[in-house]
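Thanks for coming. Please look at the sequence and the structure on the screen, and I will go through what can be read from them.

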Amino acid sequence: MLILAGAPIGRPGDASPRLREVLGAADVIAAEDTRRLRRLASDLDVALTGRIVSYYDANESARAEELVEALIQGQDVVVITDAGMPGVSDPGYRLTRLAVEAGIPVTALPGPSAVTTALAVSGLPSDRFCFEGFPPRKAGERARRFAALAAEERTMVFFEAPHRLHACLEAMAEAFGPDRPAAVCRELTKTYEEVRRGGLGELAAWAAGEVRGEITLVVGGREPDLTPPSLDDLVGEVARLEASGVPRKNAIADVARAAGVPKRDLYNAVHAV
């Protein structure tokens with residue numbers, strides 16, 4: 001059986017008794033970081049008796065084949081990442097897919113998740129939400145992604161690296177508006193946990209200073225607007241995206257899709273200016 005094990009996102013004490021049991025009994029443990037696995041096992045007072053292998057982004061494809069072979073031979077394989085659930089912005093998806101294709105049973109040990117933890121403490125609507133992972137690193141691609149999400153009415157959850165947080169929040173404020181409510185959740189469940197709530201513009205100004213730690217961003221969705229945007233407004237949005245480096249063709253397509261207007265109408269309006 002393939003077992004996807006949710007790991008604590010901060011405090012080892014959040015680990016379940018079942019995680020302790022499975023780690024101690026597994027034939028093979030595939031860990032994103034074997035050192036962190038051993039440290040977690042020590043904190044949980046668990047003796048690891050199975051074979052331990054590394055399983056991270058760089059070797060995920062090759063290692064998945066090896067792990068499937070172990071599963072076919074009748075061994076139980078546990079996959080564990082540094083924090084949270086395997087496959088959620090962490091290694092695990094490729095192996096799961098191969099195991100399913102091979103007819104191998106797959107199960108999960110539920111555990112802490114930065115996504116739902118941040119959503120719960122954000123104070124933003126949680127009845128409908130979407131997880132968007134890490135935004136693109138390049139400014140143009142990031143602007144395109146956020147433009148495509150500008151009309152999203154569900155609460156959005158993102159991961160981001162601390163050294164890119166300021167640029168990310170500035171781009172969000174530009175795309176979603178500086179007053180769009182959001183929460184920056186830093187070091188969730190850890191000693192220096194911090195949750196900053198406010199408008200995107202306000203949070204971008206705060207993030208101009210040094211920010212450290214694991215970051216999860218929660219951004220409120222767009223409030224339903226019964227008044228459709230004018231073509232002049234959409235032409236202005238296309239011009240803003242072009243100024244940020246997005247090709248005109250892509251900008252027109254993204255803005256038209258987000259606004260729900262025919263691309264041809266927006267194309268004609270842009271070229272009539």
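Before the charges, a rule for counting: Lys and Arg count as positive, Asp and Glu count as negative, and His and the chain ends are left out. By that rule, the protein chain has 32 positive and 39 negative side chains. The centres of the two sets lie 3 Å apart. Please keep in mind that this is a predicted model.

Now the overall picture. The protein chain contains eleven helices and ten strands. Its C-alpha atoms fill a box of roughly 70 × 40 × 30 Å along the principal axes. There are 273 residues, and 44% of them count as buried. The accessible surface is about 13,900 Å², with 49% of that belonging to carbon and sulfur atoms. As for contacts between residues at least 6 apart in sequence, 72% of them join residues at least 24 apart.

Next, the nonpolar cores. The largest one has 23 residues, and the members that touch the most others are Leu169, Met172, Phe176 and Leu217. Elements giving two or more residues to this core are H6, S7, H7, strand S8 (181-186), helix H8 (200-206) and strand S10 (215-219). Which element gives the most? That is H7, with seven residues. For Leu169, leaving aside neighbours within four places in sequence, the contacts are Val184, Leu200, Leu203, Ala204, Ala207 and Leu217.

Apart from that core lies another one, of 18 residues, with Ala7, Leu19, Ile29 and Val78 among them. Take Val78, which is in strand S4. Is Val78 buried or exposed? Val78 is buried, because its relative accessible area is 0%, and the cut-off for buried is under 20%. If we do not count residues up to four places away in sequence, Val78 touches Ile3, Ala5, Val22, Leu23, Ala26, Val28, Ile29 and Ala30. One of these, Leu23, is 55 residues away from Val78 along the chain, yet the two C-alpha atoms are separated by 7.5 Å.

Last, two residues with a backbone angle to note. Most residues other than glycine have a negative phi. Asp45 has a phi near 60°, a positive value in a residue that is not glycine. Asp45 is found in the loop between helix H2 (34-44) and strand S3 (51-54). With a relative accessibility of 71%, Asp45 counts as exposed. Ser89 is not a glycine either, and its phi is positive, at about 60°. Ser89 is placed in the loop between strand S4 (77-80) and helix H4 (93-101). Its relative accessibility is 35%, so Ser89 counts as partly exposed.

That is the end of my part.

Technical notes:
Residues are numbered from 1 along each chain as its sequence is written. This is a predicted model: local features need pLDDT of at least 70, side-chain atom pairs count only at pLDDT 80 or more; totals for chains, interfaces and linings use all residues. Side-chain values use heavy atoms; hydrogens and water are left out. Helices (H or I, at least four residues) and strands (E, at least two) are DSSP runs, numbered from the N terminus. Buried means under 20% relative accessible area, exposed over 50%, partly exposed in between (1.4 Å probe, protein chains only). Contact means heavy atoms within 4.5 Å. Accessible areas come from the Shrake-Rupley method with a 1.4 Å probe; for residues, only the protein chains shown count as cover. The place of a charge is taken as NZ of Lys, CZ of Arg, CG of Asp or CD of Glu. A nonpolar core is a set of buried Ala, Val, Leu, Ile, Met, Phe, Trp, Tyr and Cys residues joined through side-chain atoms within 4.5 Å.
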